[in-house]
Number of protein chains: 2
Amino acid sequence: MEGAARGEARCVTVIAGDGIGPEVVSAARRVVEATGVALTWEVCEAGERVFARGLPSGVPQETLDSIQRTRVVLKGPLATPIGSGQKSANVTLRKLFETFGNVRPIREMPGVATPFSGRGIDLVVVRENVEDLYAGIEHLQTPGVAQCLKIMSRKGCDKIVRLAFEIAVAEGRRRVHCATKANIMKLTEGMMKRAFDDIALEYPTIEARHILVDNCAHQLVRSPETFDVLVTSNMNGDILSDLTSGLIGGLGFAPGANIGADIAMFEAVHGSAPDIAGRNVANPTALILSAAMMLRHTGALDAARAVEDATLATLEQGVHTADVRAEGSISTTAFTDAVIENLGRHATTTRAREHREVRMPRLSPARDYVRAERRRTAGVDVFIEAASSPEELGQSLERIAEDTAFRLKMISNRGTKVYPAVSAATDCVDHWRCRFVLRDAAPEREVDLAILALVARVALQHRWMHLEKLLEIDGVEAFTKAQGED
Amino acid sequence: MEGAARGEARCVTVIAGDGIGPEVVSAARRVVEATGVALTWEVCEAGERVFARGLPSGVPQETLDSIQRTRVVLKGPLATPIGSGQKSANVTLRKLFETFGNVRPIREMPGVATPFSGRGIDLVVVRENVEDLYAGIEHLQTPGVAQCLKIMSRKGCDKIVRLAFEIAVAEGRRRVHCATKANIMKLTEGMMKRAFDDIALEYPTIEARHILVDNCAHQLVRSPETFDVLVTSNMNGDILSDLTSGLIGGLGFAPGANIGADIAMFEAVHGSAPDIAGRNVANPTALILSAAMMLRHTGALDAARAVEDATLATLEQGVHTADVRAEGSISTTAFTDAVIENLGRHATTTRAREHREVRMPRLSPARDYVRAERRRTAGVDVFIEAASSPEELGQSLERIAEDTAFRLKMISNRGTKVYPAVSAATDCVDHWRCRFVLRDAAPEREVDLAILALVARVALQHRWMHLEKLLEIDGVEAFTKAQGED
């Protein structure tokens, strides 16, 4: 078929994974092989047994080398040893190969009854996969106050938004929603909204709609059939994509792809389900549909559609594993046999979508993807640990800043201004953001040293743990005001 | 009734609000008055007209004074002028009065058909309301990289978790779920999980279950009837609570309370819906049920239950506003008349819950709520903007740190270690976290100055914008490692 037509067999790295992984990966391999696509497998290891051998990443070098060679991975779920302090091997693979886009198609499955059956749910969640809170950058600020950095880049936003629109084009979809919390987080979540607004202009035939993420969750359970492509940031996408898979019968039916510029990994959304491992009862549908996405990615469009059609036909016939209903359920292998038997057939009520290949343009690799014409340091936020009252702290800092280049503008506690005093009942914790602004303009070099000199003076009387420069970029303040700050 | 039995009429601050606010607030007032509870209203202003008069907070001093006096508020939705740069007056009120707990009961409404009808959804979402990403502390780090601080305190976690358990007790509920992303954010979201694990021990008769927030969204659409009380952090709660209100027919049926140590505000979840304002068609149910929560809060338990029972009875009779179905719908005032007519009756299929008053213990007001025995500064993360490669930057920083008290341990880019080199395909942006650790132990005072001296040297060659001290608190590292860092 298609792969063979290109001359030689495409090679794919396959990782069986942990728990039910080997069973569902085997099912997917058998279905792929039955399509006749010219494809060879490089079988590699990752996960539990690798951790057990003492490799802290859970991913051996041979596996990394294979992925670098083949650039396409089909994988089962990998377990992370609990309480070992190890990072998830799933996440490690995504990070190492910068698979920035997590793509999760969700569609109503014939024969799988849900509260939404008959409404024709058919959407794709496109989730940013490497930035945001998932960078996992945390610092305890005081013994009782923790902080995680939510970091988003314009390059990252552009890449995921672009991917969403390209998927819409490739799949003949008409609408892209972008879900953010831009009304509260104007710089971070707002950055994704601005990327969306800008890139949407290049796709005039596709309807672009921004939606607040809370309202999006509401609408997804009220009228899920109105969604087509849904692009969002990493943390939002984690919640929304698991929500959507619940709408169509659960994780047994949720395939996924992790897309990078050079490498793509295909895997089901579900975990390793150790409680049912080795019993030949797991539902292989999600991994079979993930394999169909893999076939499509490698250009085998017809084979991909054949696998999807056969799977839908099988479910429509009422063939099902025990996660759907215990009554009348069959084994993983018997379900797989039925799908293979159905290759060439399709369901009577529904068909797999026609797809083109996704043509993701390569964005600029420049690290300084956005550049500034002009910039100026306007001050510094000094984060201080103190058990004192806002008044005591404020008066002390005013004295410290006398005769310096800075004046204390305000102090906030978890985002609410508490000094100079406002008539607020804020129940303060011992973590204060103390905002100092430059009294007079000065050369940047001097400002930098003046900040360090100010902090040295503060440090004589107070405990600081965190600094943020206040920048103005191209004439615009590059920081937000506190609640109550004017 | 109860209020009168205590001697004098309870006074409540009432804010009609914008859009449909005056109509639904009027409906709720009429129902409350019809119960015969001894209660007087102080009518106050906030929102659109106040913004229009030029007051940037949208909340005049008279309103703040009234709330300080009455300590109980019934309010309609307040509109925020779009594009004006103003903060939401709703948020301002919550922040000023430190209403740390957002309580949203969600239950199946008789007569309101949804995909989940007949399953008996009856849960309460208890959302932390003042911390987390909603503190809105954002700093652009480079022209193309934005940051928001996610800040959570143990005091804040303890307060919200305690409130959730006390609500469970007061309402005779048996189970409390806590939804976090503690597996990814071990210090921030993990703090809420630890608070939950600790406080649950004091409520041995209540089943305590931790659930990952993504799985929680999945389970809420798969088996919402298994949830009873659900406590979560601010951003998670924003999404999950809007999800749950979608399950029972939409925002027209979602009441809410914002609970503080001294002050409580009762308001519907919905907005001001300017498109249908003034037309006597809005659904007042959410505000009537919010008023019932207010009655309960003031100790008028019987009146509260009577209002809830009358509302459920009215809906069960098929009486409805146009948001439910256009066919057979009636006006806001006619619906309200029907509820008043039904006071003393209850639905045949369902009853309002029996409640006790919530007895929220007052937690320690100490700002240093958690204290440390021992602490040590182990190094510093210096965040640098640079367009160079990780190798160039790393080698430059190694040279800079020679002859200082610190050595460069690693550099990460959006959480993934990129120096010393790893075999990763990271598509870097111009924002680098450069981790310097102390070579040898030294007195804290000296370490502080050494950090500033190091940064001064870095600043000669690189642009820095953000510092985080690396603390060890009571012998434990108070910061996380990068992906790939050992």
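I began with V72(B), which stands opposite A264(B) in strand 12 of chain B. The model is a predicted one, where local features need pLDDT of at least 70 and side-chain atom pairs count only at pLDDT 80 or more. Residues are numbered from 1 along each chain as its sequence is written, and chains are lettered from A in the order in which they are written.

Next I looked up the strands around that pair. Strand 3 (residues 72-75) and strand 12 (residues 264-268) of chain B run parallel, joined by four bridges. Strands here are DSSP runs of E with at least two residues, and helices are runs of H or I with at least four; two strands pair if DSSP finds at least two bridges between them.

I then followed the whole sheet: it is open, has ten strands in the order 2-1-3-12-11-4-5-10-8-9 (chain B), and its pairing is mixed. Strand 2 (39-44) and strand 9 (207-212) of chain B are its edges, each pairing on one side only.

Which residues of helix 2 of chain A are buried? I moved to chain A for this and found G21(A), E23(A), V24(A), V25(A), A27(A), A28(A), V31(A) and V32(A). Buried means under 20% relative accessible area, with a 1.4 Å probe and protein chains only. Their cover includes strand 1 (10-15), strand 2 (39-44) and helix 11 (301-316) of chain A, among others.

Helix 2 (residues 21-34) of chain A itself has 14 residues.

Technical notes: Side-chain values use heavy atoms; hydrogens and water are left out. The expected span of a helix is 1.5 Å times one less than its number of residues. Buried means under 20% relative accessible area, exposed over 50%, partly exposed in between (1.4 Å probe, protein chains only). Contact means heavy atoms within 4.5 Å.
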